[in-house]
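Me: I want to learn how to read helices in a model. Can you take me through one?

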Amino acid sequence: SDKNEGTVWFDDISIQLVSIPVTGAKPAQASSEDAYKCLIRDYGSNPLAGNARLALAVQYTEANRNEEAAAELSAFTSAFSNSADLPQAKFQAAEIACTQQSPDSESILQAIVDSYPTSEYAPLASMKIVYVRAKKGEDKSLFQADFARVADSYPDSLCGMECLYRAAKL
């Protein structure tokens, strides 16, 4: 808690000392990268190391260090195959594949939709599939149907609304 206000109740909690810089401001990239690497090294298969891998992957992606981000995401999905954060990690990996114009990007995105249909990443992946097809130069009339299909599949999501707008615009 930044302000240390309010009441929090915990049951069955354990606390471990870690060396992450705690300040009011966002830590410098190099220092947070080193801290994440220490957590990964010191905590191995502990979920704390998994969280550090995801945070490091996000940091690498933001700095356009996609190969390093992909390596962290791959390590995360291998080591934490039962994690609730797996859809996020797979979606981030798919976004990197899309950025690199990988021929597998559409199938990676489809696997997210198929494997995690109730995840918040399923509508994002569905919408991204339409954009991947658009970059391939497919028939424009197909996009309207694809956008409409995503909008119908996820009517209450922001992606569904955006796809409905895109379909209407075509």
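Reply: We will go through helix packing, then a single helix, then a single residue. Keep in mind that this is a predicted model.

Me: At what angle do helix H2 and helix H3 pack, and how far apart are their axes?

Reply: Start with the two directions. Helix H2 covers residues 47-62 and helix H3 covers residues 66-79. They pack at about 160 degrees, with axes 8 Å apart. Angles over 145 degrees count as roughly antiparallel, so H2 is roughly antiparallel to H3. The crossing of H2 past H3 is left-handed.

Me: Which residues make the contact?

Reply: From H2 come Gly50, Arg53, Leu54, Leu56, Ala57, Tyr60 and Thr61. H3 brings Asn66, Glu68, Ala69, Glu72, Leu73, Ala75 and Phe76. Sort them by type, and you get 8 nonpolar, 3 polar and 3 charged.

Me: At what angle do H4 and H6 pack?

Reply: The angle is about 15 degrees, and the axes lie 11 Å apart. Angles under 35 degrees count as roughly parallel, so H4 is roughly parallel to H6. H4 also passes H6 in a left-handed crossing. On the H4 side are Pro87, Gln88, Phe91, Glu95 and Cys98. They meet Tyr121, Leu124, Ala125, Lys128 and Val132 of H6. The contact residues split into 7 nonpolar, 1 polar and 2 charged.

Me: How many residues does H6 have, and what does it reach from its first C-alpha to its last?

Reply: Compare the reach with the expected value. H6 runs over residues 121-135, which is 15 residues. It reaches 21 Å, close to the 21 Å expected at 1.5 Å a residue. Just after H6, look at glycine 137, with a positive phi of about 85 degrees.

Me: Which residues of H6 are buried?

Reply: The buried ones are Tyr121, Ala122, Pro123, Ala125, Ser126, Met127, Ile129, Val130, Val132 and Arg133. Next, ask what covers them. The cover includes helix H4 (86-99), helix H5 (105-115), helix H7 (140-153) and helix H8 (158-169).

Me: Now a single residue. Is glutamine 92 buried or exposed?

Reply: First place the residue: glutamine 92 is in helix H4. Then check its accessibility. Buried means under 20%. Glutamine 92 has 14% relative accessibility, so it counts as buried.

Me: Which residues does glutamine 92 touch?

Reply: Leave out residues up to four places away in sequence. Glutamine 92 then touches Leu54, Val58 and Leu73.

Methods: Residues numbered from 1 in each chain as written. Predicted model: local features only at pLDDT ≥ 70, side-chain atom pairs only at ≥ 80, totals over all residues. Heavy atoms only, no water. Axes fitted to C-alpha atoms, helices over the stretch in contact; angles between N-to-C directions. Helix = DSSP H or I, 4+ residues; strand = E, 2+ residues; numbered from the N terminus. Parallel < 35°, antiparallel > 145°, perpendicular 65-115°, else oblique. Left-handed = near helix turned anticlockwise from the far one by under 90°. Contact = heavy atoms within 4.5 Å. Nonpolar A, V, L, I, M, F, W, Y, C, P; charged D, E, K, R; others polar. Expected span 1.5 Å × (residues − 1). Buried < 20%, exposed > 50% of the residue type's maximum accessible area, 1.4 Å probe, protein only.
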